[in-house]
Amino acid sequence: MAFAKRLAVLSIVMAAMQVSYAAVYKVGDSAGWTTLGKIDYRKWAAPKNFQVGDTIIFEYNPQFHNVMRVTHAMYKTCNASSPIATFTTGNDSIEITNHGHHFFFCGVPGHCQAGQKVDINVLKVSAIAPTPSALASPTVPPANVPAPSPSNAVQLKGAFGIMGLAMAVLVFACF
C-alpha cells in the first residue's frame with residue numbers, strides 16, 4: 001500500500017514538472033528583421049532544428065517593416081497581395097503549431113525582393129521506433145558528437161528537467 005501511494009505521488013509530481021522542449025528563436029539573431037546589413041535569412045534558418053511549440057520572434061522597426069505569413073507560391077514571387085496573416089508590432093512572437101514550411105516576408109515594397117524573407121521548416125519527428133534488426137546492424141557507425149543546440153534559443157530542457165527529477169526523487173523518498 002505504501003509503495004502504491006509513493007508511486008501515485010511520484011506520478012503526480014512528474015506530470016506537474018513536465019517540461020516543454022520548446023525553443024525561442026529571434027529571426028536574424030542580433031540584427032533582427034531588417035534589410036540593413038544584407039542578412040541572409042536562408043543561412044540563418046538552415047542550421048536550426050525548428051520544432052512544433054517553438055516561438056519565432058521578429059524584432060524590427062514598425063515604421064519601416066512588417067511581417068507577413070504567406071503561402072509558398074507567394075513567398076517565391078514576393079506577392080504580398082493576400083497574406084495569411086500580417087504582423088506590425090515590431091516585436092512579434094509567433095508560435096509554431098504544426099510541421100512543415102512556414103513562410104514569412106516583409107510586405108514593404110522591395111524588401112522581400114531584397115532578401116527580407118525566411119522559410120521556417122519544421123520537420124516531422126518520426127514516432128516509430130527502429131526495429132531491433134535495424135539497431136543490431138547499423139550501416140554507419142554511430143558518432144559520439146553531441147547534437148548542436150539552436151543558436152540564441154532558450155532551452156528549457158537542462159536545469160528544469162534535472163530540477164524536476166530531483167524534486168520527484170525527493171518527494172518519493174519522503175513518503
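Select Cys106 first: in this predicted model Cys106 is buried, with a relative accessible area of 1%.

**The cysteines**

Which cysteines are joined in a disulfide? Select Cys78 and Cys112, whose sulfur atoms lie 2.1 Å apart and form the bond. A disulfide is a covalent bond between the sulfur atoms of two cysteines. The structure holds one disulfide. Check the torsion about the S-S bond of Cys78 and Cys112: the value is -70°, and the link is left-handed.

Now trace the chain from each end of the bond. Cys78 sits in the loop between helix H3 (72–77) and strand E4 (85–87). Cys112 is found in the loop between strand E6 (100–105) and strand E7 (117–122). Go back to Cys106, which takes part in no disulfide; the nearest cysteine sulfur, that of Cys112, is 8.5 Å away.

Keep Cys78 selected and read its backbone torsions. Phi of Cys78 is near 55°, a positive value in a residue other than glycine. For another such residue, select Lys38, where phi is positive at about 50° although Lys38 is not a glycine. Lys38 lies in the loop between E1 and H2. Its relative accessibility is 74%, so Lys38 counts as exposed.

Next select E3, residues 67–70. E3 pairs with E4 in the antiparallel sense over three bridges. One place to look is Val67, whose bridge partner in E4 is Phe87.

Turn to the pairing of E3 with E6, which is antiparallel and has three bridges. Met68 has Phe105 of E6 as its bridge partner, and Arg69 stands opposite Phe104 in E6.

How many bridges join E6 to E7? Six bridges join them, and the two strands run antiparallel. Phe105 can be followed here as well: Phe105 stands opposite Lys117 in E7.

**The open sheet**

Hide those strands and show E1, E2 and E5. They make up an open sheet of three strands in the order E1-E2-E5, with mixed pairing. E1 (24–26) and E5 (91–95) stand at the edges; each has a single partner strand, so one side of each is left without a neighbour in the sheet. From one strand to the next the twist averages 20°.

Zoom in on E2, residues 55–59, which pairs with E5 in the antiparallel sense over five bridges. Within that pairing, Glu59 has Asn91 of E5 as its bridge partner.

**Phe64**

Move along to Phe64, in the loop between E2 and E3. Phe64 has a relative accessible area of 48% and is partly exposed. What does Phe64 touch, leaving aside residues up to four places away in sequence? The contacts are with Val108 and His111. Phe64 and Val108 are 44 residues apart along the chain, while their C-alpha atoms are separated by 7.5 Å.

**The nonpolar cores**

Last, show the side chains of Trp33, Phe58, Val118 and Ile120. These residues have the most contacts inside the largest nonpolar core, which has 19 residues. Helix H2 (41–45), E2 and E7 are the elements that give two or more residues to this core. In soluble globular proteins, nonpolar side chains tend to be buried together.

Technical notes:
Residues are numbered from 1 along each chain as its sequence is written. This is a predicted model: local features need pLDDT of at least 70, side-chain atom pairs count only at pLDDT 80 or more; totals for chains, interfaces and linings use all residues. Side-chain values use heavy atoms; hydrogens and water are left out. Two strands pair if DSSP finds at least two bridges between them. Helices (H or I, at least four residues) and strands (E, at least two) are DSSP runs, numbered from the N terminus. Axes are lines fitted to C-alpha atoms, for helices over the stretch in contact, and angles run from 0 to 180 degrees between N-to-C directions. Buried means under 20% relative accessible area, exposed over 50%, partly exposed in between (1.4 Å probe, protein chains only). Contact means heavy atoms within 4.5 Å. A disulfide is a pair of cysteine sulfur atoms within 2.5 Å. A nonpolar core is a set of buried Ala, Val, Leu, Ile, Met, Phe, Trp, Tyr and Cys residues joined through side-chain atoms within 4.5 Å.
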